[in-house]
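Please read this briefing alongside the sequence and the 3D view. It is meant for a reader new to the structure.

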Amino acid sequence: MLTVFTEQFGKIEVIGKGIRKITSKLRAGADVFCLSEIEFVQGKNHKILTDALAIDKFDGIRQEFEKSQIIYKIVELLDQFANQEAADEKLWRFLLQIFEAVESLEIRNSLLNSEGITASKASGSWQIENCKLKIIDCYFLWNMLSILGYSPELYKCPLCDSKLLPETFFFVPSEGGVVCWQCFSANDLKKSGLWFPIKVDAVKALRVWLSQDWATAGKVSFGQEAQQNLWDISKNYLSFLQENIS
Ligand SMILES: [Zn+2]
C-alpha cells in the first residue's frame, strides 16, 4: 500500500501491485519524494495504481542527506495530519514550493555567508551550517502546520484577546499560541502542562515566516538565543500536536 498526496484528491492510499519488482514499469514513478503523473482505478476495496510516470525525481534532495532529512519530516507531517481524500490546493502548492526550495538550496555556500564570522570561529563551521538548516527546517515546519490548520496565535493573547505587546510572554501549546504574562500568572499556567517563555524576536520571526514565502522569509536574521528558543518550541509544539491530535 502506498500513500500518495495528489493535487485532485488529496491524500490517498493505493495498491501498487508488483511495485517492489525491479522490472516494474510503475516503480520509477512511485518512488518516495517523487512528483509523478499517476492513474488509478477504484477496486472493490482499494484503489489500484495502474500507471505512474515520474515528472521530477528531485535528485538534488535525494543525493544530500540534510536536504532529504527536511523533506522526510515534511512528508511525515503530511502523512500524519493531512485529511484523507480531501483536495487541498494551498497545501499542494506549498509542497511544490518546499520541494523546489529545498532542492535548490546551496547548503555550504549560503550558510557561511549568512552567519557571523565570530560565531564560526567559536563553534566551528559545522554548527553554523547546522543552524541555517534548522532555520529552513523550522520555517517549513511552521508553515506546514499552519496550512494544516494548526497556526499558532501570535498577535492576540488567546485568553484575554488583547494585543500582544513586546514584553514577557509564553508559548502555551494547549492554548494554541502566545499567552500574555498577566493571563499566564492569573491562570497559574506554570503548574499545568507544557509552556515555554518565548522571546520577542522569536515571535517576530514567526510572524514573518508565517506571512512570507521562503525567498523573503529566508533573509530574516535573528540572534542565536532567539533561534535556540524557537527550535526548542518548534520541537515541543510538534510533539504536543502529535500526541494530542493524530
Ligand atoms: Zn492575556
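Predicted model: local features only at pLDDT ≥ 70, side-chain atom pairs only at ≥ 80, totals over all residues.

Residues are numbered from 1 along each chain as its sequence is written. Helices (H or I, at least four residues) and strands (E, at least two) are DSSP runs, numbered from the N terminus.

**The sheet**

- Three strands form an open sheet in the order β6-β5-β7, with antiparallel pairing; two strands pair if DSSP finds at least two bridges between them.
- β6 (177-180) and β7 (196-198) are the edge strands, each pairing on one side only.
- On average, neighbouring strands of this sheet are turned by 45 degrees against each other, direction ignored. Axes are lines fitted to C-alpha atoms, for helices over the stretch in contact, and angles run from 0 to 180 degrees between N-to-C directions.
- Helix α10 (residues 224-244) packs on the sheet and touches β5 and β7, and its direction makes about 135 degrees with that of β7. Two residues are in contact if their C-beta atoms, placed from the backbone, lie within 7 Å.

**Strand β5 and its partners**

- Strand β5 (residues 169-172) is joined to β6 by four bridges, and the two run antiparallel.
- Across this pair, Phe171 stands opposite Val178, and Phe169 has Cys180 as its bridge partner.
- β5 and β6 make a hairpin with four residues between them, and Gly176 in the turn has a positive phi of about 80 degrees.
- With β7, β5 pairs in the antiparallel sense over three bridges; there Phe169 stands opposite Ile198.
- In a regular strand the side chains alternate between the two faces of the sheet.
- From β5, Phe169 and Phe171 point one way and Phe170 and Val172 the other way, and all are buried. A residue is buried if 20 or more other C-beta atoms lie within 10 Å of its own, exposed if 12 or fewer, and partly exposed in between, with C-beta atoms placed from the backbone.

- The 17 residues of helix α2 (residues 65-81) should span 24 Å at 1.5 Å a residue, and its end C-alpha atoms are 24 Å apart, which agrees. The expected span is 1.5 Å times one less than the number of residues in the helix.
- Lys67, Ile70, Ile71, Ile74 and Leu77 are buried in α2. They lie on the same side of α2, because they cover an arc of only 115 degrees around the axis; the arc is that of the directions from the helix axis to the C-beta atoms.
- Phe65, Glu76 and Asp79 are exposed on the face of α2 turned away from its buried side.
- In helix α8 (residues 200-209), the buried residues are Ala202, Val203, Ala205, Leu206 and Trp209. Seen down the axis of α8, they fall within an arc of 160 degrees, so they line one face of the helix.

**The nonpolar core**

- The largest nonpolar core has 40 residues, and Phe140, Val179 and Ile198 have the most contacts inside it. Such a core is a set of buried Ala, Val, Leu, Ile, Met, Phe, Trp, Tyr and Cys residues joined through C-beta atoms within 7 Å.
- At least two residues of this core come from each of α2, α3, α6 (125-150), β5, β6, α8 and α10.
- α6 gives the most to this core, with 10 residues.

**Two loop residues**

- Most residues other than glycine have a negative phi.
- Phe58, although not a glycine, has a positive phi of about 50 degrees; Phe58 is in the loop between β4 (47-56) and α1 (59-62).
- Glu85 also has a positive phi of about 50 degrees and is not a glycine; Glu85 is in the loop between α2 and α3 (89-104).
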